[in-house]
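Please keep the sequence and the structure in view while reading.

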Amino acid sequence: MNQIKIGAFIKELRKEKGLTQEQLAEQFNVSRRTVSRWETGSNLPELDILIEMADYYEVELRELLNGERKSEGMNRELEETVLKVAEYSNEDKLKITKRMHLLFIGGVIAAILYQVLVFTDHADNFFGGFCMGIQSGMLIVGVIITSKYAAKIKAFKMRIINKR
C-alpha cells in the first residue's frame, strides 16, 4: 500500500469537491493537521473514516486504498467484512477508553485520600503510603497509555459523539 499515492488521491478528491483542508477536517471531525498528514502520506485515516470518506466522495473503498480510480465494482461481501473489522476496532477503542476513565478515577480518589491524610497528619502510616503509591502508579500508567493512544482516543470519542 503506497501511503503517498493514497494521500495524493485524497487531496485530489478534496480539491474536486472544492473543499479546504479545514472544511474536510470538520466533515470527519479531525484536525486540519490530520488532513494534512493524510494528504502528504505520513498517516492514513482510520478504517471507519476511510469507509465514510468513500461514501462522501462516492468512490469505492478499494479505490481509496489503491490511491486511484478503478472501473471495477467492489464486492459487497468484502465491504461488509471491512465494516465488521471497523466495528471491532471501535469496540476495542471503547474498552481502552473505559479503562482510562477507571484508572483516572482511581488515581483521583487516591490523591484525595492522600491529601486528607496529609492534612490530618496521618500520612505516615501504611494507608498513606498505599494511597501515595496508587496515585503515583495511576499517573505513570496514564502517561504511558496516553502518550501512545491520546490522539486516537480523542478522534474516536468525537466520532462516537457525532454518531449519537
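Two residues are counted as being in contact when heavy atoms of each lie within 4.5 Å. By that rule, and leaving out residues up to four places away in sequence, glycine 7 touches Trp38, Glu39 and Gly41. The model is a predicted one, and its protein chain has seven helices and zero strands.

**Overall architecture**

- Read from the N terminus on, the elements of the protein chain follow the order α-α-α-α-α-α-α.
- The protein chain has 164 residues, of which 29% are buried, and it exposes about 10900 Å², with carbon and sulfur atoms supplying 58% of that area.
- Among the contacts in the protein chain with a separation of 6 or more, 63% are accounted for by residues 24 or more positions apart.

**The nonpolar core**

- The largest nonpolar core has 22 residues, and those with the most contacts inside it are Trp38, Met53 and Leu64.
- At least two residues of this core come from each of α1 (3–16), α2 (21–27), α3 (32–40), α4 (47–57), α5 and α6, while α4 gives the most, with six residues.

- Glycine 7 has its place in helix α1 and counts as buried, at 0% relative accessibility.
- Between glycine 7 and serine 36 there are 8.8 Å in space, C-alpha to C-alpha, although the two are 29 residues apart in sequence.

**Salt bridges**

- How many salt bridges are counted in the model? The count comes to two.
- In one of them, glutamate 39 pairs with arginine 14, and the closest N and O atoms are 2.4 Å apart; this pair links distant parts of the chain, with glutamate 39 in helix α3 and arginine 14 in helix α1, 25 residues apart.
- Are glutamate 39 and arginine 14 buried or exposed? Both glutamate 39 and arginine 14 are buried, and for arginine 14 the relative accessible area is 7%, which is under the 20% that sets the limit for a buried residue.
- Lysine 5 forms a salt bridge with glutamate 68, the closest N and O atoms being 3.1 Å apart; because lysine 5 lies in helix α1 and glutamate 68 in the loop between α5 and α6, the pair ties together parts that are 63 residues apart in sequence.
- Lysine 5 counts as partly exposed at 33% relative accessibility, and glutamate 68 also counts as partly exposed, at 29%.

**The loop between α5 and α6**

- Arginine 69 is found in the loop between α5 (61–66) and α6 (76–119), where it counts as partly exposed at 43% relative accessibility.
- Not counting residues up to four places away in sequence, arginine 69 touches Phe9, Glu12, Leu13, Glu16, Val59 and Glu63.
- One of these residues, phenylalanine 9, is 60 residues from arginine 69 in sequence and 8.8 Å from it in space, C-alpha to C-alpha.

**The nonpolar surface patch**

- On the surface, a nonpolar patch is formed by Phe104, Ile105, Val108, Ile109, Ile112, Leu113, Val116, Phe126, Phe127 and Phe130, which together have about 1000 Å² of accessible area.
- The elements that give two or more residues to the nonpolar patch are α6 and α7 (126–163), and α6 gives the most, with seven residues.
- Valine 108, one of the patch residues, has its place in helix α6 and is partly exposed, with a relative accessible area of 33%.

Notes. Residues numbered from 1 in each chain as written. Predicted model: local features only at pLDDT ≥ 70, side-chain atom pairs only at ≥ 80, totals over all residues. Heavy atoms only, no water. Helix = DSSP H or I, 4+ residues; strand = E, 2+ residues; numbered from the N terminus. Buried < 20%, exposed > 50% of the residue type's maximum accessible area, 1.4 Å probe, protein only. Areas by Shrake-Rupley, 256 points an atom, 1.4 Å probe, with all protein chains shown as cover. Core = buried A, V, L, I, M, F, W, Y, C linked by side-chain atoms within 4.5 Å. Patch = residues over 30% accessible without salt bridge, like charges linked within 9 Å, V, L, I, M, F, W, Y side chains within 5 Å. Salt bridge = Lys/Arg side-chain N within 4 Å of Asp/Glu carboxyl O.
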